[in-house]
Amino acid sequence: MSLPYFITESPLSGQLAGAEGRHAVTVKRIQPGEEVMLVDGHGSWARLHVTATTGKDMLTGDIVEHGIENRPSPRVTIVQAIPKSERSELAVDLATQAGADDIIPWISHRTIARWQGPRVAKNVEKWQATAREAAKQSRRAFVPAIHDPVTTNQLREAIVDKQALVLHEDAERSLKDIIFADHVFLIVGPEGGIGADELELLGATSVKLGPEVLRTATAAAVGLAAIGALTTRW
């Protein structure tokens, strides 16, 4: 059984405090003699042998082992058309579990959920919190970065000269036919799909995963799994 994961800025400090310390001590009830994994969300990790707990939110111990995990290759950035509220965090959760390296919220032409004004920062923070928790649950040393949302025009500029693949039910090419670059942008459209005009505007390569039409909240995770099996990511 894998060890419990906790995120801290300094895995080698031998301490875990604050909200993560409270979760370890009060919620998980970690006791002296047990071991936990501390990660910084950027690849650094340390296996800690717990020697003491103090109060409700402090855990200390001895570093048994530590290291830096390499990112998988190719790097995959998920461009996720913002789903409706009930599926928004699910999309981020599943993509993180499946290994997304970065996630970019996309306000497509057909996106129903609109992030405006103060809601932009609030929703980015919500996605980041979701990614953080999903990374812990899936025992990842990396927490995917959540970027600020982009419009279709901004996305087009971001993927110029990049390998950008858009999942589309009418695509003629299969994902298994792609020769992957070192960095892949995997674009997931909104509920209702991507219109022909927007698809042309993006200039990305259309690919399909299979005969089924996936929901926007699950497509990224399935796409990441396919890329994982087709490359050295897995």
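**Sheet and helix packing in a predicted model**

Colleague: Which residue stands opposite I7 in β3?

Modeller: V39 in β3 stands opposite I7. Keep in mind that this is a predicted model: local features need pLDDT of at least 70, side-chain atom pairs count only at pLDDT 80 or more, and totals for chains, interfaces and linings use all residues. Residues are numbered from 1 along each chain as its sequence is written, and side-chain values use heavy atoms, with hydrogens and water left out.

Colleague: How do β1 and β3 pair, and over how many bridges?

Modeller: In the parallel sense, over three bridges. β3 covers residues 35–39. Strands here are DSSP runs of E, at least two residues; helices are runs of H or I, at least four; both are numbered from the N terminus. Two strands pair if DSSP finds at least two bridges between them.

Colleague: What is the strand order in the sheet?

Modeller: β1-β3-β4-β5-β2. The sheet is open, has five strands, and its pairing is mixed. β1 (5–7) and β2 (15–16) are the edge strands, each pairing on one side only.

Colleague: Which helix packs on that sheet?

Modeller: Helix α1, residues 18–27. α1 touches β1, β2, β4 (44–54) and β5 (58–68). Contact means heavy atoms within 4.5 Å. The direction of α1 makes about 155° with that of β1. Axes are lines fitted to C-alpha atoms, for helices over the stretch in contact, and angles run from 0 to 180 degrees between N-to-C directions.

Colleague: Back to β5. In which sense does β5 pair with β4?

Modeller: Antiparallel, over 10 bridges. A46 has H66 in β5 as its bridge partner. The hairpin of β4 and β5 has three residues between the strands, and G55 there takes a positive phi near 60°.

Colleague: And β2 with β5, how many bridges?

Modeller: Two, in the antiparallel sense. Q15 is partnered by T60 in β5.

Colleague: What does UniProt place at residues 16–56?

Modeller: The unreviewed entry has "domain: Ribosomal RNA small subunit methyltransferase E PUA-like" there. UniProt positions use the numbering here, feature names are shortened, and annotations may be inferred rather than shown by experiment. In the model, that stretch is 24% helix and 41% strand, with its end C-alpha atoms 11 Å apart.

Colleague: Switching to helices. At what angle do α2 and α3 pack?

Modeller: About 40°, with axes 8 Å apart. α2 is residues 85–97 and α3 is residues 118–137. That angle makes α2 oblique to α3. Angles under 35 degrees count as roughly parallel, over 145 as roughly antiparallel, 65 to 115 as roughly perpendicular and the rest as oblique. The crossing is right-handed, meaning that the near helix is turned clockwise from the far one by less than a right angle.

Colleague: Which residues make the contact?

Modeller: From α2, S88, E89, V92, D93, T96 and Q97; from α3, K126, W127, T130, A131, A134 and A135. They divide into five nonpolar, four polar and three charged. Ala, Val, Leu, Ile, Met, Phe, Trp, Tyr, Cys and Pro count as nonpolar, Asp, Glu, Lys and Arg as charged, and the others, Gly among them, as polar.

Colleague: How do α2 and α6 pack?

Modeller: At about 10°, axes 7 Å apart; α6 is residues 216–230. The two are therefore roughly parallel to each other. Contact residues include L90 and L94 of α2, and A221 and L224 of α6. The contact has eight nonpolar residues, one polar and one charged.

Colleague: Where is the cis peptide bond?

Modeller: Between S73 and P74, with omega about 5°. P74 sits in the loop between β5 and β6 (75–81).
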